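Hi,

Here is the structure I promised to pass on. Have a look at it first, and my notes on what turned up follow below.

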Amino acid sequence: MEETITGTEAAQIPKQRGDQLLDSAVRYAEERHWDVFPGTWLEAAEGVEHCSCGDAACPAPGAHPSRPDWATQATGSAVAARRLWSKQPKASILLPTGRTFDAIDVPESAGFLALARMERMELTLGPVTCTPDRRMLFFVLPGAGAKVPDLVRALGWTASSIDLVTRGEGEYVAAPPTRVGGHGAVQWARRPTPANRWLPDAEELISPLAYACGREAAAARGRRS
């Protein structure tokens, strides 16, 4: 698996290779029992990388589903994953949420602040990713989407006002080492290990996450005023 990164290392992005994608997809299915499915990929033309979907204005070049029935294409079989990426080695690795995990999606600055607080509190963490658009995704048990809005309101905020998003059933996330356009690759802030095989419930992490998001949202409002 990819190495854990820190805030200062997040910009050091390794070059993506097809064998890395295939091996990673197989490991996610085999070792974590996560469903995986191949998405679009990046194609170079005249020195510029474009999404394989052909849309010049693609909002997530190289990192979105390539077909509308992606949910039925997702597989938890390592053999099937190997076959899929053998057909298209450059395909991004996408993970459907709402099955074996949900993801709490927060701004990167708030995410690193929350991580530091969680470590001081000695909370059990699941895997955490950093994305090139400066977001962090905390993997939690399925069902977070139904709980999080009420949990955040109980703490005095609304999820939308502090830019805290839950990704659950019917959605997906990109997994390392998927690259997104020319912006860089998705990386692990906390990589999958045997120690975090059992995911936390959203309720266990929501307080430090909401606190960090609320603090960052207030700081952003202060900068605008």
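This is a predicted model: local features need pLDDT of at least 70, side-chain atom pairs count only at pLDDT 80 or more; totals for chains, interfaces and linings use all residues.

Helix α4 passes helix α6 in a right-handed crossing (right-handed if the near helix is turned clockwise from the far one by less than a right angle, left-handed if anticlockwise). α4 covers residues 108-120, and its axis lies 8 Å from that of α6, at an angle of about 140°. Axes here are lines fitted to C-alpha atoms, for helices over the stretch in contact, with angles running from 0 to 180 degrees between N-to-C directions. That angle makes α4 oblique to α6, because under 35 degrees counts as roughly parallel, over 145 as roughly antiparallel, 65 to 115 as roughly perpendicular and the rest as oblique. On the α4 side the contact (heavy atoms within 4.5 Å) is made by S109, A110, L113, A114, R117 and M118. From α6 come L205, S207, P208, L209, Y211, A212, C213, R215 and E216. By class, these residues split into ten nonpolar, two polar and three charged. Nonpolar means Ala, Val, Leu, Ile, Met, Phe, Trp, Tyr, Cys and Pro; Asp, Glu, Lys and Arg are charged, and the others, Gly among them, are polar.

Residues are numbered from 1 along each chain as its sequence is written, and side-chain values use heavy atoms, with hydrogens and water left out. Helices (H or I, at least four residues) and strands (E, at least two) are DSSP runs, numbered from the N terminus.

α6 (residues 202-224) also meets α5 (residues 144-154): their axes come within 10 Å and cross at roughly 40°. That makes α5 oblique to α6, and this crossing is right-handed. A144, V148, L151 and V152 of α5 touch A202, E203 and I206 of α6. Six of the residues in this contact are nonpolar, none is polar and one is charged.

Now the strands. β7 (residues 135-140) is mostly covered, with six of its six residues buried (under 20% relative accessible area; exposed is over 50% and partly exposed in between, using a 1.4 Å probe and protein chains only). In a regular strand the side chains alternate between the two faces of the sheet. In β7, R135, L137 and F139 point one way while M136, F138 and V140 point the other.

What does β7 pair with? Strand β5 (residues 102-107) runs antiparallel to β7 and is joined to it by six bridges, with P107 partnered by R135. Strand β6 (residues 128-130) is also antiparallel to β7, over three bridges, and there V128 has F138 as its partner. Two strands pair if DSSP finds at least two bridges between them. β6 and β7 form a hairpin with four residues between them, and R134 in the turn has a positive phi of about 65°.

Elsewhere there is an open sheet of three strands in the order β1-β4-β9, with antiparallel pairing. Its edges are β1 (37-38) and β9 (172-174), each pairing on one side only. β4 (residues 93-96) and β9 share three bridges, and L95 stands opposite V173 of β9.

L21 counts as buried because its relative accessibility is 0%. Its C-alpha atom is separated by 7.1 Å from that of K90, 69 residues apart along the chain.

Cheers
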